[in-house]
Every structure is written in structure tokens, then in C-alpha cells.
Amino acid sequence: MNEFLLAIHRDLTSKDASPSPEQMQAAIKPFQDWIGSIAAQNKLVSPPKRWDADGRVVKQNNTVINGPYAEIKESLGGLFLIRAKDYDEAVEIAKGCPILQWGATVELRMAIPPVQ
Amino acid sequence: MKDEVLLPHLFRIEYRKLVSVLSYMFGIQHIEIAEDIASDTFLAATEHWSIHGNPANPTAWLYTVAKNKTKNYLKRNQLFEQKLRPAIRYTSSASEEMEIDLSPKNINDSQLAMMFAVCHPGISQEAQVALALNLLCGFGVQEIADAFLTNKEVIYKRLTRAKDKLKEENFEVGQPGREQIGDRLETVLTTIYLLFSEGYYSTSQNTILRKDLCAEAMRLNVLLAENELTNQPAANALLSLMCFHASRFDARTDEAGESVLYEDQDETLWDTALIKQGENYLNLASIGSKLSRFHLEAGIAYWHTHKKDSAEKWENILQLYNELLQLAYSPIAALNRTFALAKANGKPAAIVEAKKLDLKTNHFYFSLLGHLYTEVDDSLALEHFKTALSLAASTGDKKMMQKHIDRLQQTATTVI
């Protein structure tokens, strides 16, 4: 089993792109069911947290800008760790993410096992 | 109370109090002395009462004798006393006479302190439960062996090892401080819940013993809820959970001692007073910001006190299981979550999810599949129930699986 970082990116730049309160409400159940499904398979390493949409970005020369990468269309929306055999299995899990239908993308990164 | 039942009854209630108070006084490293004095006291009672009849106030009699025996013991053991004296509580330098405080408050304080001592991280959970039964609930080695479905020697060894560990660690039986409560309350609650589950889920046919275990777990939890320091949301949540479970105690076994499935239970046998109590404790638990697994499990148990199926009931249960699994994975929670998913989102969705579970050695996994395929594909359902039967180990579980098979075959014949 390997650990994978599962990052959900959403477009926070345009108001239209972000879900309405009704959409958010409607997304809670499928999202919770999806996480519950991963957890029921004992493939959840750490439970997801909720992140605010405020954010700060720190750059070279101590430049600090507000907002989570406002200039790119794919800001980080959710982040947690799962367990999977390989990329194929991790991809199958990620396909279940209900936020995909609202235009989100899910990025997967496999953790490199520490050298023994 | 009749003479022949008075002493065993008092033994169960008073023995543990004497042991706790004396250990609290001497320090846990001298626990055998506390146990010896408590045993001697009851021996004296057996002898004296059989000749002279029961005293007017049996409890007071026991306390007086215990106090005298303690004083005598300490007098006889001058050397020991010199070592022990500095450690003994309640001894003011002004008074030569040692006071042994058997007030209700000190009894409760001592039992609470003992509870935290027993739940020492260096002691295995199994041993913690055995110790709690022995020292806090006054259960004998035989009774504990019966509860664990094992023999006396195993329990005796387990207890001796655990007591040695307590001595070795030189753990002080003291009132838990605030920091200690934070760290150890969770262990204490887990031990209490294991104690309860031992009674609730045990396949032992001894219903009285099983009920006793549940009642003892609840009594210990009440002690926590009554103490200002330990009266925390998680403690109330666990108490609430146990009230909800215990409310079904009489409905979940039939006269023959066989378990009755939840959907077949006669809800008029459910104890409404306990359900009400459970709701009260759940309200008390609903403060603060920390959500414990006991909160979630109590929530699930709360919805199970509503017999009637409703979309709201199963949606709530499903979401509580989703959250519970994020906090702590367990195969049984994964299976129950999938059962709730079938009720909330339909069987086809649940079958897809069930297939993702890697629990192929668990008989409950196959009974879940059997349940999910019932009315979807009855022959497949039957196959799964048969696999479940072949994997079940205990007689109780085997009977339950057979019941599923019988029921399925019965409906098949009715259709034809």
C-alpha cells in the first residue's frame, strides 16, 4: 500500500465558477458519502479538513499576497491523504469525487516511501 | 433481605469500596494489603453473623471492623508502618489515631482514583477490563472468567501480571489532575465501554452476569459524570450510548436466550425510561467543540431507538457512520455503514460499495451481502448467507446466520 496526496483544485477566480450555496448544500451529502466510502475501505489516512477560501501566498523577497493563487484558475480546494495500491487504484478512488461535476480537478501524488 | 443473600450482596457492593479506599490510602503498590483487609473483614462477618445474627446496620458493622483490622495491621507491622506512614493520607501529625475515611464522598473519590490507576497505559486493554471488574466491581476470578468465556487460571494470571505492573510503575492512586484527565479519560472511557460490550455482546448464556457487567459499566460512568473534573462531554456521550443500548437488553434475547434481530424486536420491551435518560445525557454531551467517537456512536444508537424506518433516520445514521469511520476505522463500522447506505441510497449503490470492502474472512461481511442481495438476487443472497454460516465461529452467530437462511428459504416457498 502506498500513500497518496489527493488535492482537489477549484476555480476560485470567477464568481460563476464557484458553487452557489444551494450547490454547496447539495454537494455535502455526495462528498460525505464519498469520504465515508474511502474510510469504509480503510483507505483514508487522514480525514479531510475544511479550508477557508481566504489564504495567503508568500513569494520571494517576503512578498505576501492575499488569496489562494488568485491569478490561476486552479486553486487548492481540498487536501487529504489516502492509501492505495498504485496509481490505478488511487485514480479509481479519485473518480468518485463529486466535486468533479462542478468543474473541479483532482490531483494525485504518490508519496515516495522513505529509504530504509 | 434474607440472611443467605445479604452477605453476597454486601460483598459485591462493599468489597470494592473497602479496597478502593484502602488502596487510595496506602498507595497501589500495597494493593494486596487492601485486598487482604477487605477479605478478612468479610470472613469475620461470615463467622460472626452466622453465630450472632445479622447486625442492625451491616454496612456500618463492616466499616468498623475494616477500620479496626487496618489499625491492627499497622500496629502489628511496625516496620511496615514506618515505611508506609509518610505515604498515608489523612494523617495529621497532631493525631496519633489514624482516621479511615469511609464517607460516601471519599468512597467515590477513591473509586474514581482507582479507575484512573487501573487504566494505566502500560497495561493491556484486556487486563484493564479484568482489573476494573476485580477491583472496581468486586467480581471474583470465576465470574470474570465466565464473562470472558475462559478459565480461572487465565484470569488469575492476567490479574496478577496487571497488579504487578501497577506496583512496578509505582503508580500513585491519587485524584486525577486536569492534565491527567485529558490524557487518560479516553482510556478510562474505552475500558468502560469494553466492560459494557463484554456484557452486551457476550455469547455467554448467563443473562444475569451479562446484565451485571452492563450495569457496572454504567455505574462507573455515572461516577465520572458526577465528578466535576471528569464530567466531560465524551463521558456523557458514552453514558448516553450505553443507556440507548441497554434499553433494548430485554428485547434482544428471547426466552431461550437466543438473540433476536433488531428488526424482529418487540419494541414494547424497550425500556423507555432508559431511552429518556440516554437523550438527557446526549444533551449534556452536546457542549464543547470536541466530537468523540462516543458522540457519533450515541447519535447512531439514538436513531436506532426509533423503530420505524424513515428517510431521515437512515440518512442521519449513514452520515454519522461516515464521520465515525473518518475518526476511527473498524470493520464492523464499515459493514454497518454499508447497511445504512442501502437504506439511504438504495441496495444497488450499497452493493457497489460492499464489493469494495476487503473483509472476505468476516462472516458479517457475507451476511451483509446476503442482506443486500435479498429480493435483488435471492439465490445469490442464499449463497452469501451460507458462506457466512460456514465462517461463523460462535454458536450464537451460527444460529443467527441459520435464521437468515431459513427466512430466505421460507419467502422463496411462499412465492412459489
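Analyst: B:Arg12 and B:Asp212 form a salt bridge, with 3.0 Å between the closest N and O atoms. B:Arg12 belongs to helix α1 (residues 3–26) of chain B and B:Asp212 to helix α10 (residues 207–226) of chain B, so this pair ties together parts that are 200 residues apart in sequence. Please keep in mind that this is a predicted model.

How covered are the two partners? B:Arg12 has a relative accessible area of 17% and is therefore buried, under the 20% cut-off for that word. B:Asp212, at 26% relative accessibility, counts as partly exposed.

Now to another pair in chain B. The side chains of B:Arg158 and B:Glu126 meet in a salt bridge, at 3.7 Å from N to O. This pair, too, links distant parts of the chain: B:Arg158 sits in helix α8 (residues 152–168) of chain B and B:Glu126 in helix α6 (residues 125–136) of chain B, 32 residues apart. With a relative accessible area of 14%, B:Arg158 is buried, whereas B:Glu126 is partly exposed at 45% relative accessibility.

Helix α8 of chain B also holds a local pair. There, B:Asp164 and B:Lys167 are three residues apart, which means that about one helical turn separates them. Their side chains meet in a salt bridge at 3.8 Å, N to O.

A:Lys29, A:Asp33 and B:Glu315 are linked in a network of salt bridges. Over all chains, the structure holds 23 salt bridges.

A:Tyr87, A:Val91 and A:Met110 make a nonpolar surface patch of about 240 Å². A:Met110 is found in strand β6 (residues 105–110) of chain A and is partly exposed, with a relative accessible area of 34%. Strand β6 belongs to an open sheet of four strands in chain A, ordered β2-β5-β1-β6 with antiparallel pairing. β2 (44–46) and β6 of chain A stand at the edges with a single partner strand each, so one side of each has no neighbour in the sheet. From one strand to the next, the twist averages 35°. Helix α2 (residues 87–95) of chain A packs on this sheet and touches β1, β5 and β6 of chain A.

Conventions. Residues are numbered from 1 along each chain as its sequence is written. Chains are lettered from A and ligands numbered from 1 in the order in which they are written. This is a predicted model: local features need pLDDT of at least 70, side-chain atom pairs count only at pLDDT 80 or more; totals for chains, interfaces and linings use all residues. Side-chain values use heavy atoms; hydrogens and water are left out. Patches are made of residues with over 30% relative accessible area and no salt bridge: like charges are joined within 9 Å, nonpolar side chains (Val, Leu, Ile, Met, Phe, Trp, Tyr) within 5 Å. Accessible areas come from the Shrake-Rupley method with a 1.4 Å probe; for residues, only the protein chains shown count as cover. A salt bridge is a side-chain nitrogen of Lys or Arg within 4 Å of a carboxyl oxygen of Asp or Glu. Helices (H or I, at least four residues) and strands (E, at least two) are DSSP runs, numbered from the N terminus. Buried means under 20% relative accessible area, exposed over 50%, partly exposed in between (1.4 Å probe, protein chains only). Two strands pair if DSSP finds at least two bridges between them. Axes are lines fitted to C-alpha atoms, for helices over the stretch in contact, and angles run from 0 to 180 degrees between N-to-C directions. Contact means heavy atoms within 4.5 Å.
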